[in-house]
Amino acid sequence: MKKILRKLTAMLLSVLLLFSYVVLSVAAAENTFSYIYVENTGSEGGVISYRYTDENGNEIIPEERLSCQSASLPSSYNAVSEGLVTRVKSQGESGVCWAFSAMSLMESDSIAKGYKTLKTADFSEAHHTWFTGRGRAENENDLAYGDGYYIEEPYLRGGNWKISAASLARWMGAANESDFPFYDGSLENMGNYAESERYNTSAGVIIESAQSLTTTEDIKQWITDHGSVTAAFYYDDNCYNYSTASYCTSTSGTINHQITVVGWDDNYSASNFGSACTPSGNGAWICKNSWTSYWGDGGYFRISYYDASLSSFAGFTVQKSDDYYRNYTYNGAEWYSALGITKPLQVANVFTAQGYESLSAIAVQTYGSDIQMKATVYKNIRAGYTSPINGTAACTVETVIKNEGYHTVYLDSPVDLKPGETFSVVVRYYNPNGTTYIPVEKNTPDGLVYSSREGESFIDVAGTGNNWRAASSQGAHNFYIQALTKCNHQLKTEGSEATCTEDGSEKIYCTQCGKIEAQRILNATGHSYGEWSEFAYDIREGRRISKCICGNCGDCMQRAFYSSNVITFDSFIELLFNKFRLIIMQIFSI
């Protein structure tokens, strides 16, 4: 008996030691994460500028961009001449130059892709500004509920391309200018749009990507391919040469205006910029402004390659809004924090399908350049899940993301989903050139608050794929991972049948998204009459009648017996008899 007890005790101790070893191993395997923060350094003019810092408040200096010629591209180019740039508009007394630049980029890429023409590409800066400033959705069922800004006077607030991108990433626009006009001369008539208009995409396009451009080669190539890029600079009227509509300043470290760059000229003479700031070499960017077509050269001007303030270059691309059904996103505002580690980092978002859908793309936001990304979609996540991989792997996609920003990544094999089905998007990031940083929602000291709910965002704290924790375990809210679906149409046929005299109709439409797959008019069939009957005496007509009946609707045609018809002796006797009977009936009121 004692031997048995000793054996049991030894086994128990072994199990406890093994358990302790596993616990300690897991604890040791959990990584220590670092953060970088984006500090809002304030708004001067119409632009909000940022400063990137580490956890100790030390500023992280982004890569410098060299302003010089490009050997692989022509020495000059103007997208206006190529028909890719829409009309110059006016922001009036507002502070939303950033919104005008963002919409101009969306318009240009829509034209470049053939979705729109110069005549039809006119997107609403008013809608974009209003719902960016009033970013907090009123609907509690909105997945991004609780996130975003609430600005009392959105039209007076500055912004930048990242704020625009975060707003558009929620599919808040683009909307048509005709539906939400910008009253540049009377800001008091602007805005106050209904909550039901928040996700209006009447322009027919949504954002596909918005990414930082850090080399002259990339900037010029983007303009060639997509029509324009956005940029910011410091405007000082003393540095503007009115006679040549050109600009250059030696002031650096601050920006106050956002513009749209639509071309370049490597040979533009340095002497054109005047005496206030003479650049060290030739070359200028051709820029579209938002100060009416009466300013500058028809609303355009040139800014020197060597302008000390010119920065924040970025490009936008679009895709058709009709190609998608739903946008699953928990993110209601741009990111101000990024979580990092010097090894691969894996994070995930879990969503619940709301209909019969096909997951065809995901969207992510990244920091840094040349980030290796691998995304896996899991279906049928089990009830009570504590890990985003408690399901069936359905699809994997890998890519390298070159630039910081917002990116749509298309799946090679769409994943079909059913209503109520829980699925996850698990994304592995790796920066081979240094620390891997992943944007994450984290409350800011200046009062921007994010919200999140249990079971939405997860992080693999060990990096092994087996130690998943809620994002809240790192003091964070949601990660910037979106799921973009197409509708798996549930078709229904409705309409009315055509009659002999009335047209009918037939409509085949989706009961989920409302898209009409087919619609047609069913032409009236016309009467289908049978043969004429033999003439028979109709007592009320007082004459012999022949009838012809429509076999479809029962409509009756009739014709009377006239003297011109051939009369036989029998029919003559019958006619006299019926006439006499009618007279008797009338006399006795029968």
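Visitor: How many helices and strands are there in the protein chain?

Guide: The protein chain has six helices and 29 strands. Helices (H or I, at least four residues) and strands (E, at least two) are DSSP runs, numbered from the N terminus. Keep in mind that this is a predicted model, where local features need pLDDT of at least 70, side-chain atom pairs count only at pLDDT 80 or more, and totals for chains, interfaces and linings use all residues. Residues are numbered from 1 along each chain as its sequence is written, and side-chain values use heavy atoms, with hydrogens and water left out.

Visitor: What makes helix 3 mostly covered?

Guide: A residue is buried under 20% relative accessible area, exposed over 50%, and partly exposed in between (1.4 Å probe, protein chains only). In helix 3 (residues 125-133), nine of its nine residues are buried, so by that definition the helix counts as mostly covered. W130 and F131 are among them. The cover includes helix 2 (97-112) and helix 4 (161-169). Across the protein chain, buried residues make up 49% of the 590 residues.

Visitor: Which residue caps the N-terminal end of helix 3?

Guide: That's S124: one of its side-chain oxygens lies 3.3 Å from the backbone nitrogen of A126. A polar contact needs a pair of N or O atoms within 3.5 Å, one able to donate a hydrogen and the other to accept it within protein; residues adjacent in sequence count only if both atoms are side-chain atoms.

Visitor: Why do strand 24 and strand 26 stand at the edges?

Guide: They belong to an open sheet of three strands in the order 24-25-26, with antiparallel pairing. Strand 24 (491-496) and strand 26 (516-522) each have a single partner strand, so one side of each is left without a neighbour in the sheet.

Visitor: How do you know that strand 25 and strand 26 pair?

Guide: Two strands pair if DSSP finds at least two bridges between them. Strand 25 (residues 504-510) and strand 26 share six bridges, so they qualify. In one of these, K507 has Q519 as its partner in strand 26.

Visitor: Which residues have the most contacts inside the largest nonpolar core?

Guide: M373 and Y429 do, in a core of 37 residues. A nonpolar core is a set of buried Ala, Val, Leu, Ile, Met, Phe, Trp, Tyr and Cys residues joined through side-chain atoms within 4.5 Å. Contact means heavy atoms within 4.5 Å, and Y429 touches residues including M373, L345 and I438. Another core, of 34 residues, lies apart from it, with Y240 and V261 among its members.

How values were computed: Lists of a residue's contacts leave out its neighbours within four places in sequence.
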